[in-house]
Amino acid sequence: MPKVTIAQNILAVNENIAQDIHQSLTARGIRALNVMSSPGAGKTTLLERTIERLRGQLTIGVIEGDVETSADAERIEAAGAETVQINTRGACHLEAHMIRDALTQIELADIDLLVIENIGNLVCPAAWELGEDARIVVVSTTEGDDKPAKYPQMFAISQVMVVNKLDLLPYVDYDLHKVKRQALAINPNLRIFEVSCRTGEGLDAWCDWLIAFTRGA
Ligand code: MG
Ligand code: ZN
C-alpha cells in the first residue's frame, strides 16, 4: 500500500473520533476551540488573561498540549480553569484520541467552553481535527511577519487570527499590515484581533467575541 494512502487512513480515523467528540460536546452545550501557534507566540498567556477576565461569565475547561512538562497547565490552573495536561513525549501535534482520553478527566457538566492549546507548531496541527467548533491561530510581533505566507494552510483552516505582543510593535521590524494582508489573501473570512496580553490592549474585543461564540453566535 502506498504511504500516502496509509496517511490518509490515519487522518480519516482521526476525523471520525473528532466528529464523536464534537457531537458529545455539542450535546452538552459546550463549545470548543483549538488554539494553535508557533512556540512562544503567547497561547498560554492569552489563555491566562482570558480566563481571568471572563471569571464569573464563562466557565472554561482547558486541555494543555505540550511535548514535555506540566508548567503551562499549572499556570492555567492558577488562573482559575480546570486543566488537563497532555504530554506528547516528542509528537509535534495533538490528535483526537488524546482529546477523547483527556475529556474523561474534566467535569464536563461544569464548563461552557473547552479550550485546547495545541503543540507550538504551525505545520501539522492544521491537518488534525480535534472536535473543535473553531480554530484560532496566534501570531506575535516578535516572530517574522511572513508567517501567513510561509504557513498558508494554518491560516486557511483557521476562523480567527490573534496578533499578540502589540505593545512591542515600536521596537521590532514587524509589518502588521503585511501580515493582515497576507492572511486575508489566504482566508478572506479570517477574523482578526490585535492584542497585548501585557498591557491588556484589545483583550475586551477578543473576550466579547469569545462570549458571543460560546453562546452560539
Ligand atoms: Mg503554552
Ligand atoms: Zn505533528
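Colleague: How are the donor residues of the zinc ion (ligand 2) spaced in sequence?
Modeller: This is a predicted model, and the site is read from its atoms. The zinc ion (ligand 2) is coordinated by Cys92 through SG, His93 through ND1 and Cys124 through SG. In sequence, the spacing of these donor residues is C-H-x30-C.

Colleague: Is Cys92 buried or exposed, or does Cys92 fall in between?
Modeller: The relative accessibility of Cys92 is 37%. Buried means under 20% and exposed means over 50%. Cys92 therefore counts as partly exposed.

Colleague: Which element gives the most to the lining of the largest pocket?
Modeller: The largest pocket has a volume of about 200 Å³. It is lined by 16 residues, and those closest to its centre are Gly40, Lys43, Asp66, Asp72 and Glu117. Helix H2 (43–54), strand E2 (60–66) and helix H3 (71–79) each supply at least two lining residues. With three residues, the element that gives the most is H2.

Colleague: Why does the pair Trp206 and Trp209 count as stacked?
Modeller: There are four aromatic pairs by the rule used here. The ring centres of Trp206 and Trp209 are 5.8 Å apart. Planes under 30 degrees apart count as stacked. The planes of Trp206 and Trp209 are at 20°, so the pair is stacked.

Colleague: What separates Trp209 and Phe213 along helix H8?
Modeller: The rings of Trp209 and Phe213 are also a stacked pair, with centres 5.1 Å apart and planes at 20°. Both residues are buried. Because they are four residues apart in helix H8, the separation is about one helical turn.

Colleague: Which residue has its charged end over the ring of Phe213?
Modeller: Phe213 forms one aromatic cluster with Phe193, Trp206 and Trp209. A charged end sits over the Phe213 ring, 4.3 Å from its centre. That charged end belongs to Arg31.

Methods: Residues numbered from 1 in each chain as written. Chains lettered and ligands numbered in written order. Predicted model: local features only at pLDDT ≥ 70, side-chain atom pairs only at ≥ 80, totals over all residues. Heavy atoms only, no water. Donors = N, O, S within 2.8 Å, 3.2 Å for Na, K, Ca; no water. Buried < 20%, exposed > 50% of the residue type's maximum accessible area, 1.4 Å probe, protein only. 1 Å grid on protein atoms, 1.4 Å probe; cavity = no way out; pocket = protein on both sides within 12 Å on 5 of 7 lines; lining within 4 Å. Points joined across faces, edges and corners; volume = space filled by probe spheres on them. Phe/Tyr/Trp six-rings, centres within 6.5 Å; stacked < 30°, edge-to-face > 60°. Lys NZ or Arg CZ within 6 Å of the ring centre and 35° of its normal.
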